[in-house]
Each structure stands twice: as structure tokens, then as C-alpha cells.
Amino acid sequence: MLSVPEDKINAIGRVLNDPKRPLKERFRALFTLKNIGGNTSIGYIKDCFMDPSALLKHELAYCLGQMRDKEALPILLQILEDKSQEAIVRHEAAEAVGAIAPIGDNQIRETLKKYSQDTVVEVAETCQLALQRISWFEKNCDNDCVSPYNSVDPTPPSQEEDVTRLRAILLDENESLFERYRAMFALRNLNSDASISALCDGLKSGGALMRHEVAFVLGQVASPSSVTALTAALGDSSQHEMVRHECAEALGAVASDECFTILRQYLTDEKRVVRESCEIALDMCEYENSPEFQYANTLLKV
């Protein structure tokens, strides 16, 4: 947790919760609060769940999960249980619960079990993954599975290192989602031309939840070789908006001139989540190409 004066945290929190501020500024505020951590930051993030932007609320839940602070669990469980919240938001809340949940907490298990049968497929599948994640760590409590990308992942990576085998698991519709995710994270960690190609194939396999996570890890790797596949998925209006949103943000992470051009084409997309994701992705592009790039901590200068 960063040591930041309370008045500075309050100023950043006000930016996050100010609907009159540009969305890109509010995103920077959010990720700054994530890096600061602590109860005050969590409080400001909680207050923002009333916002009409599903994309912003999705990122609120993501950041709470990445903070791994148990104080955030009641907030996330409330969002998961609130069926008036968008699917993309409830899904992310469930994933965040799995990232934080202490081993042996039966109450959290019961809540996740209840919503593992949710009528929204993406929410149900996320709760199933969260339960399996908790069970896996109960059996492997000495294995922290630290991500090379400094992220708390929904599953541990597979120990398999053969790209051909990992690709086969990733694309196998009969394999469990948990094992397909494990293969996906292993492919990400290998970060080779062959593994990135396999991940790009994953954008055309499985359901929306699987495809959106593939796009997310391609964003973490940020390889120019993924641009063609990400662009195709972003431009495919038959894809679930949660997939297209992650493709846009992944292109923002790659941050090439080509990505700038592609993202600008979707700033008027009919889906709000996609439009806003492109706006944020373009902001990421600008900061990635700045010699003073420090996206997550920009507002510490407030």
C-alpha cells in the first residue's frame, strides 16, 4: 500500500466519483486508488457503483479484486447478488470475490454456489471458476502462483509447457473451463510467437467468458502480432460486448499507430461499453507513447 496523505486520496476519490469529469480521468483516478489501497480508497470505489457506466463499474470490481483486501468482499458480494447490475459488472464482482476469498469461508462458498446456477451464463461460469480457484488453493496453499504480469488471475497457470498441448486444451470445447483457463495463462506466460498465435485462435473458441479472458491476456502480453485477431473480434458485432470491450483495451495496450487508427473507428459504436472501451484504450495508447508514461499513478499529482 502506498503512503499517500488523506487529503490527496480524497481529491482522487472525488475525481473518480465526478460524472462531469472525462471518463479517462476517472479511470486514471480508479487505478491510482487501486495502487494506494486502504479503506479510504475502497470507500470511494464503493460509492462509484451507482454510476450508469457498466464499463466503469466493471473496472471498479476488477480493481477491488486486484487489491485483495478482505474489506472489499461485502461490497463485491452485494454487486454479485444485485441483478439490476449489468452482466459484465456482476461477472467481474464474482471473479474479484474469487481473487480475495479466504480459504475455508463457507458463507462465501455458499453465495458462489448459489450464483453458479445464475441465469446469466457469464455470471454462472465465473462463480464456478471462483469456487474451483478457492478449492485449488486449499489443496496447494504453498503455491502463490505469482503472475509475471503482476495480476491476480482467475486460475493458476498450467504446468504444461508444450504449446501444441496447451493450444489443444485451450480450444477443446469438451475440456473444463478451469483447465482451459489454466492453459490460457500458461500460454500467456510463455509469451512466444507460437503461444500468442494459439491465444489468437482462442478468440474464436468457446463462450463469451472464455473469449473475453483470452483478449485480456493478449492485452497483458501486448504483442503486435495479436493486432489482426483482436481487430477482427472487435469489429465482429456478433461477439458479446464483453469480448469486444477487452479486444479494444488490448489494442490500447499494444499502442501502435495502427491501433490508434483502429480504435478511432469504434468511438461511435452502437454499444456503449465498446465506445467507452475505445475511449479508454486511446488514452492508454497516448500514455504508452509518452516519455512520462505512468498511467496508474497520474493523479498522485493532483
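## Salt bridges across the model

Counting by side-chain nitrogen and carboxyl oxygen distance gives 14 salt bridges. Keep in mind as you browse that this is a predicted model. A few of the pairs are worth a visit, and we can start with those that reach across the sequence.

One of them joins Asp283 to Arg28, with an N to O distance of 2.9 Å. Asp283 belongs to helix α16, while Arg28 sits in helix α2 (residues 23–36), so the pair ties together distant parts of the chain, 255 residues apart. Both partners, Asp283 and Arg28, are buried.

Glu86 and Lys57 also meet through their side chains in a salt bridge, again listed at 2.9 Å, N to O. Here the link runs from the loop between α5 (73–81) and α6, where Glu86 is found, to helix α4 (residues 54–67), which holds Lys57; the two are 29 residues apart. Glu86, with a relative accessible area of 30%, is partly exposed.

Helix α16 covers residues 272–288 and has a salt bridge of its own, between Glu276 and Arg272 at 2.7 Å, N to O. Why are these two separated by about one helical turn? They are 4 residues apart in helix α16, and that spacing is about one turn of the helix. Glu276 counts as buried at 10% relative accessibility, whereas Arg272 has 37% and counts as partly exposed.

Glu279 lies in this helix too. With 31% relative accessibility, Glu279 is classed as partly exposed. Leaving aside residues up to four places away in sequence, Glu279 touches Leu23, Lys24 and Leu267.

## How α6 and α8 pack

Two packed helices are described by the angle between their axes and the distance between the axes. For helix α6 (residues 87–100) and helix α8 (residues 121–139), the axes come within 8 Å and cross at roughly 5°. Angles under 35 degrees count as roughly parallel, and α6 and α8 are therefore roughly parallel to each other.

Which residues make the contact? From α6 come Ala87, Arg90, His91, Ala94, Glu95, Gly98 and Ala99. The α8 side supplies Glu122, Val123, Thr126, Cys127, Ala130, Arg133 and Ile134. Sorted by class, the contact of α6 with α8 has 7 nonpolar, 3 polar and 4 charged residues.

## Two arginines to look at

Arg90, one of the α6 contact residues, is also part of a network of salt bridges that links it with Lys83 and Asp118.

Arg133, in helix α8, is a contrasting case. Arg133 is buried yet has no salt bridge. How far away is the nearest side chain of opposite charge? That side chain is Asp153, at 7.4 Å, and a salt bridge needs the nitrogen and oxygen within 4 Å. Apart from residues up to four places away in sequence, Arg133 touches Arg68, Gly98, Ala99, Val152, Asp153, Pro154, Thr155 and Phe178.

How values were computed. Residues numbered from 1 in each chain as written. Predicted model: local features only at pLDDT ≥ 70, side-chain atom pairs only at ≥ 80, totals over all residues. Heavy atoms only, no water. Axes fitted to C-alpha atoms, helices over the stretch in contact; angles between N-to-C directions. Parallel < 35°, antiparallel > 145°, perpendicular 65-115°, else oblique. Contact = heavy atoms within 4.5 Å. Nonpolar A, V, L, I, M, F, W, Y, C, P; charged D, E, K, R; others polar. Buried < 20%, exposed > 50% of the residue type's maximum accessible area, 1.4 Å probe, protein only. Lys, Arg positive; Asp, Glu negative; His and termini not counted.
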